[in-house]
Amino acid sequence: MSAHCMLTGARPGFGNSISHSHRRTSRRFDPNIQSKRYWLPSEGRYVRLKLSTKGIRTVDVIGVEAAVSRIRARGVRV
């Protein structure tokens, strides 16, 4: 599963792990991506969205119709 949110666009961040001896190695900070299924009443079908947990909370606030329209405005196929 690709580590990006369809709604918020959250992608992995990159940085360094620093050990006790202060040696640095590359690491990756992945967003918490969840696959969630929503009922889309206007189309009479379910849509499966890959969202970060912040994106899931956003859908709870603005509704699934508005969220899907924002995702489609970004050019992502749903």
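**Entry 1: R72 and its partners**

I looked up R72 in this predicted model and found a relative accessible area of 36%, so R72 counts as partly exposed. I then asked which residue forms a salt bridge with R72. The partner is E43, and the closest N and O atoms of the pair are 2.9 Å apart. R72 belongs to helix α2 (residues 64–73), whereas E43 sits in the loop between β3 and β4, so the pair ties together parts that are 29 residues apart in sequence.

I noted E43 as partly exposed, because its relative accessible area is 36%. R45 has 32% relative accessibility and is therefore partly exposed as well. I recorded E43, R45 and R72 as a network of linked salt bridges.

**Entry 2: The remaining salt bridge**

How many salt bridges does a search of the whole structure find? I counted three. One of them joins the side chains of D30 and R28, at 2.8 Å from N to O. I checked the cover of both residues. D30 is partly exposed, with 47% relative accessibility, and R28 is partly exposed, with 44%.

**Entry 3: Around P12**

P12 and D30 are 18 residues apart along the chain, yet I found their C-alpha atoms separated by 4.5 Å. I then listed what P12 touches, leaving aside neighbours within four places in sequence. P12 is in contact with A3, R28, F29, D30 and P31.

**Entry 4**

Strand β3 (residues 33–40) and strand β4 (residues 45–52) run antiparallel, and eight bridges join them. As one example, I traced Q34 to its bridge partner in β4, which is L51. Four residues lie between the strands of this hairpin, and G44 there takes a positive phi near 65°.

**Entry 5: Helix α2**

Which residues of α2 are buried? I found V64, A67, V68 and I71. Seen down the helix axis, the buried residues fall within an arc of 95°, so they line one face of α2. I recalled that an α-helix has 3.6 residues a turn, so residues three or four places apart point the same way. I then looked for what covers the buried residues of α2, and the cover includes β3, β4 and α1 (53–62). Just after α2, I noted a positive phi of about 95° at G75.

**Entry 6: The whole chain**

Along the principal axes, I found that the C-alpha atoms fill a box of roughly 60 × 20 × 20 Å.

I recorded 24% of the 78 residues as buried. The chain exposes about 5500 Å², of which carbon and sulfur atoms supply 48%. Among contacts between residues at least 6 apart in sequence, 40% join residues at least 24 apart.

Terms used. Residues numbered from 1 in each chain as written. Predicted model: local features only at pLDDT ≥ 70, side-chain atom pairs only at ≥ 80, totals over all residues. Heavy atoms only, no water. Contact = heavy atoms within 4.5 Å. Pairing = 2+ DSSP bridges. Helix = DSSP H or I, 4+ residues; strand = E, 2+ residues; numbered from the N terminus. Salt bridge = Lys/Arg side-chain N within 4 Å of Asp/Glu carboxyl O. Buried < 20%, exposed > 50% of the residue type's maximum accessible area, 1.4 Å probe, protein only. Arc of directions from axis to C-beta. Areas by Shrake-Rupley, 256 points an atom, 1.4 Å probe, with all protein chains shown as cover.
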